[in-house]
Amino acid sequence: MQLLKIRYFQLKRDLGFLFFVIVALASCISFLAFNHEKQIGLYVTGIVAYLFYNFHNNRRDIAFINKHFENAKFQMINEYQLFLLPFSIPCLFTNYWYCFFVLHVLVLAIPFFNIKSKYNFKFSFVTRFFKDDYIFISGVRRNLISLIILFLLALALSPLKLFPLVALFLFNNVIFSFYEANESVQMLQASQRTPKQLMASLLNSGVKKIVRVNFPILLINSIFNPDLWMFNMYFFAYNVLILATVIALKYEHYQYKSTSNNFQIKLIILILGLFIPYLFPLAIIFYIQSRIGAVKNLSHYLDVVN
């Protein structure tokens, strides 16, 4: 299988022995999530399936695979089914054993499921709301319909337990995808900021926008469900941490000749910490390491303002 061979060499180059550590960690987290005392197995199933779909929908090599590989869809199916096993096998040992089959059926359909519209709506009015924030202007234009649907869904479900958090999580995940696109070196240098100032400015801007959406929904949810207010605080804090890490990851791997970054795999691993609060310190370490790498990498492009 050509695609699996390529993926093998990529993982061997990028992760090495850490790949097995990550697989073991993902399996442990999956088991704990499916075996969680709040019985969130069905939510976990939906989120894992969505993450695989989001990865497929945002991958940049589909045209290359379709052109150069035989039975391209079949190869992608095998790839997804194989990488799903660390998440699906653990649920066989829980009360949600049937989610093993649900997950594999859902992921099986992903390569055949395409909801991209042939119409390209520009939504020019978005510029008035975000002024010079080109990251959100571009991101919102591409995902406006999805954002509106997810926000209204989270707002409508806000008095209920857990349901609004799933919609809110998906909303935030769309926001995180905004940072996959790379701006030009000229735009970076035009900011007249040091690497640390640039990342702090982007984080400050992103957090303000996340607060405007997350805070009202989490507040309503906490009022109707007082027993969840601590988890809601953790949910918000962890999403801010994910945002900070995504920004750091973007600039850690920034290259002036590349138009985009693909950190979907790392993002999936980070997101799993939403279910296991004691992984919060590990996520902080992950952020610190990425931030150090981002500052070092950006210094090559912004050294004129240091």
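1. Order of elements. Along the sequence, the protein chain of this predicted model reads α-α-α-α-α-α-α-α-α-α-α-α-α-α. The secondary structure therefore comes to 14 helices and zero strands under the DSSP assignment of runs.

2. Burial and contacts overall. The protein chain has 306 residues, and buried residues make up 46% of them. Taking contacts between residues at least 6 apart in sequence, 78% join residues at least 24 apart.

3. α3 against α6. Helix α3 covers residues 41-58 and helix α6 covers residues 99-109. Their axes come within 10 Å and cross at roughly 25°. Angles under 35 degrees count as roughly parallel, and α3 and α6 are therefore roughly parallel to each other. The crossing of these two helices is right-handed.

4. Residues between α3 and α6. On the α3 side the contact involves Gly41, Leu42, Thr45, Val48, Ala49 and Phe52. These meet Cys99, Val102, Leu103, Leu106 and Val107 in α6. By class, the residues of this contact divide into nine nonpolar, two polar and no charged.

5. Valine 102. This residue of α6 is one of those in the contact with α3. What is the relative accessible area of valine 102? The value is 36%, and valine 102 is therefore partly exposed. Thr45 is listed on the α3 side of the contact.

6. α5 against α6. Helix α5, residues 72-88, packs on α6 at an angle of about 155°, with the axes 10 Å apart. The angle makes α5 roughly antiparallel to α6, since the cut-off for that class is over 145 degrees. The crossing of α5 with α6 is right-handed. From α5 the contact draws on Ile77, Tyr80, Gln81, Leu84, Leu85 and Ser88, and from α6 on Phe100, Leu103, His104, Val107 and Leu108. These residues divide into eight nonpolar, three polar and no charged.

7. Residues of α6 in both contacts. Leu103 and Val107 are listed in the contact with α3, and Leu103 and Val107 are also listed in the contact with α5.

8. Serine 30. Helix α2, residues 18-34, contains serine 30. Is serine 30 buried or exposed? Its relative accessibility is 6%, so serine 30 counts as buried. Leaving out residues up to four places away in sequence, serine 30 touches Pro86, Phe87 and Pro90. Residues 72-88 form α5, and Pro86 and Phe87 are among the residues that serine 30 touches.

9. α9. Helix α9 runs over residues 163-177 and has 15 residues. Its first and last C-alpha atoms are 22 Å apart, close to the 21 Å expected at 1.5 Å a residue. The helix is mostly covered, with 13 of its 15 residues buried.

10. α12. Helix α12, residues 229-252, has 24 residues that should span 34 Å at 1.5 Å a residue. The end C-alpha atoms of α12 are 34 Å apart, which agrees. Of its 24 residues, 17 are buried, so α12 is largely enclosed by the rest of the structure.

11. α14. Helix α14 has 19 residues, 280-298, and reaches 27 Å from its first C-alpha to its last. That is close to the 27 Å expected at 1.5 Å a residue. Which residues of α14 are buried? They are Ala283, Tyr287, Ser290, Gly293, Ala294, Val295, Asn297 and Leu298.

Methods:
Residues numbered from 1 in each chain as written. Predicted model: local features only at pLDDT ≥ 70, side-chain atom pairs only at ≥ 80, totals over all residues. Heavy atoms only, no water. Axes fitted to C-alpha atoms, helices over the stretch in contact; angles between N-to-C directions. Helix = DSSP H or I, 4+ residues; strand = E, 2+ residues; numbered from the N terminus. Parallel < 35°, antiparallel > 145°, perpendicular 65-115°, else oblique. Left-handed = near helix turned anticlockwise from the far one by under 90°. Contact = heavy atoms within 4.5 Å. Nonpolar A, V, L, I, M, F, W, Y, C, P; charged D, E, K, R; others polar. Expected span 1.5 Å × (residues − 1). Buried < 20%, exposed > 50% of the residue type's maximum accessible area, 1.4 Å probe, protein only.
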